[in-house]
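Let's take a walk through this structure together. Have a look at it first, and then we'll start with a helix.

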Amino acid sequence: MTQPEGQCVLAVDVGGTTIKGAVVGEDGQFRHSLTVPSRADDDPVKAVRSLCLQLRDDALALGATPAAIGVVTPGLVDEIDGVVRYAANIRFRNVPLRALIGDDLGLPVAVGHDARAAGVAEAVAGAARGLDNFLLLPLGTGIAAAVVVHGAPVPGATGSAGEVGHMPVYPGGEPCSCGQRGCLEVYASAGGLARRYARLGGTSGLDSRGIADAVATDRVARAVWDDATQALGTALATLTLTLDPARIVLGGGLADAGALFFDPVRDALRAALAWRTPPPVLRSTFGAQAAQVGAAAMARREAGLPVPDGWGAPELVPPVA
């Protein structure tokens with residue numbers, strides 16, 4: 001199918017901290033971006049709908065005609081019905097996103113899980129390009145995984161496959177907001193790392209990037225960093241033994257720390273797999289933009305447009321400001 005000149009898709013990534021929107025051209029180039037706080041409005045659904053409307057208007061002002069919109073969120077997402085069943089970080093419960101946004105914009109709407117969307121991006125043009133079996137874990141406010149088997153992200157029986165952030169890595173450990181104890185997300189998410197650091201007496205207001213910078217000189221930073229990398233390596237070992245991925249891709253803010261992060265995670269994974277070789281563990285190509293690139297690819301498919309191998313190459317996607 002030939003795409004008319006000036007046609008585009010809209011891509012929206014709803015996170016626990018921000019809602020990111022983009023107008024994406026035929027080749028995957030971000031022609032315009034828009035970011036707003038996800039907690040700035042008492043009604044988070046209203047905030048998402050408002051951004052989608054603004055994004056459509058911005059596209060039209062650029063002379064581009066939207067063909068479809070892709071919206072991805074964390075949590076339990078029914079991708080068939082387009083309903084977000086539950087997402088604690090963004091206060092969504094049984095939200096019919098496809099129906100709401102479709103009525104607002106008059107466009108085809110693809111609704112998906114943010115981690116699985118990120119997996120789509122990495123498979124098409126990123127760190128998992130050419131692979132049919134891999135894992136992607138974006139380490140952000142929370143932790144979820146895209147489990148890709150035979151070339152397709154696995155949603156699971158209830159749409160909740162990949163919620164590995166609530167895998168108990170330290171049974172009987174610190175409490176999680178989900179009601180369990182010792183969850184991976186408590187120790188190894190960017191948000192969890194910052195909360196533990198503050199709770200254990202670290203410098204007030206330091207985020208995961210600041211903690212990484214302080215590891216060499218700050219005893220508390222070193223302790224929570226070691227807990228995080230050990231917890232993640234243990235979780236990856238369990239996932240490897242269960243799924244046998246060809247590659248594991250890690251994204252999010254912690255992955256930006258490079259060898260300081262990847263070396264101990266790989267060591268922990270290797271130590272937990274005494275009898276077999278661990279899969280390669282690589283950094284996400286798209287980083288914090290992966291879910292948004294995946295949302296754009298989903299929107300194209302929803303509109304009946306092709307998503308060829310290599311579409312939306314990383315150089316077409318601006319880094320997060």
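In helix H2 (residues 97-105), the buried residues are Leu97, Ile101, Gly102 and Leu105; "buried" is under 20% relative accessible area, exposed is over 50% and partly exposed lies in between, with a 1.4 Å probe and protein chains only. Looking down the axis of H2, you'd find these buried residues within an arc of 115°, so they line one face of the helix. That arc is taken from the directions from the helix axis to the C-beta atoms. Helices (H or I, at least four residues) and strands (E, at least two) are DSSP runs, numbered from the N terminus.

Keep in mind that this is a predicted model: local features need pLDDT of at least 70, side-chain atom pairs count only at pLDDT 80 or more, and totals for chains, interfaces and linings use all residues. Residues are numbered from 1 along each chain as its sequence is written, and side-chain values use heavy atoms, leaving out hydrogens and water.

What covers the buried residues of H2? The cover includes helix H1 (44-61) and strands S1 (7-14), S4 (65-73), S6 (83-87), S7 (92-95) and S8 (109-113), where contact means heavy atoms within 4.5 Å.

Now for the strands. S5, S6 and S7 form an open three-strand sheet in that order, with antiparallel pairing; two strands pair if DSSP finds at least two bridges between them. S5 (76-78) and S7 are at the edges with a single partner strand each, so one side of each has no neighbour in the sheet. Between S6 and S7 there are three bridges, and alanine 87 sits opposite phenylalanine 92 in S7.
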